[in-house]
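Here is a briefing on one chain.

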Amino acid sequence: MNENGDEEPLSDRRRRELLERVERKTATVGQQLPQSVEIQGTEMNLKEFVWETKRQGTVPPEMRDRVRKVRAKLTAERKDRKERLASGELTEAAAEELAQSIVGIDRAISALKNLHEPDLEDSARQAKVESSRRWVSFLDTILD
């Protein structure tokens, strides 16, 4: 704040620093998941959704589409916020808050991407290979 109590406008230098920060691959290290996030005007309890999904170990088939939609919405929201950070009329405090929210969204996206979604085709292929191996092994024991 300046001497009049007004918040300082965001300088170009500080804007570049914040943009570099949100683009760093290590920006999410140690970052907490946001409790909630507003996506396209709708409040979402993000932390609860991520932890509930992660607790199951793998994404159940009935939740796959929902997880993918949430990831897509988070990615779109991140893009919108980054554009606002890059070109919006912001105060330094608002820009800091915006950058922090982008990093929080990145953390959530990362957590959701790391969830294991079993590939049904791959599972079927593996089952067929195992079945063939057992059959060959059985034939080997009979023919010996």
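Helices (H or I, at least four residues) and strands (E, at least two) are DSSP runs, numbered from the N terminus. On that basis, aspartate 106 lies in helix 4 (residues 92-113). This is a predicted model, in which local features need pLDDT of at least 70, side-chain atom pairs count only at pLDDT 80 or more, and totals for chains, interfaces and linings use all residues. Residues are numbered from 1 along each chain as its sequence is written, and side-chain values use heavy atoms, with hydrogens and water left out.

**Confidence**
- pLDDT is the predictor's confidence in each residue, from 0 to 100. The chain averages 83, and 90% of the residues score at least 70.
- Among the elements, helix 1 (residues 12-23) has the highest mean pLDDT, 94. Helix 5 (residues 120-143) has the lowest, 78.
- Over residues 1-5, pLDDT stays under 50. The model has 4 contacts (heavy atoms within 4.5 Å) for this stretch beyond four places in sequence.
- Where pLDDT is low, the predicted coordinates should not be read in detail.

**Nonpolar cores**
- A nonpolar core is a set of buried Ala, Val, Leu, Ile, Met, Phe, Trp, Tyr and Cys residues joined through side-chain atoms within 4.5 Å. Buried means under 20% relative accessible area, exposed over 50%, partly exposed in between (1.4 Å probe, protein chains only).
- The largest core has 18 residues; Leu46, Phe49, Leu74 and Leu112 touch the most other members.
- Strand 1 (37-39), helix 2 (46-55), helix 3 (61-87) and helix 4 each give two or more residues to this core. Helix 4 gives the most, with 5 residues.
- Apart from it lies another core, of 12 residues, including Leu10, Leu18, Ala95 and Val103.

**Helix 1 against helix 3**
- The two axes (lines fitted to C-alpha atoms over the stretch in contact, with angles from 0 to 180 degrees between N-to-C directions) come within 9 Å and cross at roughly 160°.
- Helix 1 and helix 3 are therefore roughly antiparallel, a label for angles over 145 degrees.
- Helix 1 contributes Arg15, Leu18, Leu19, Val22 and Glu23 to the contact. Helix 3 contributes Arg78, Lys82, Arg84, Leu85, Ala86 and Ser87.

**Two single residues**
- Aspartate 106 is buried, at 15% relative accessible area. Beyond four places in sequence, aspartate 106 is in contact with Val22, Thr28 and Arg78.
- Glutamate 83, in helix 3, is partly exposed at 42% relative accessibility. The C-alpha atoms of glutamate 83 and leucine 19 are separated by 9.7 Å, at 64 residues apart along the chain.

How values were computed
Angles under 35 degrees count as roughly parallel, over 145 as roughly antiparallel, 65 to 115 as roughly perpendicular and the rest as oblique.
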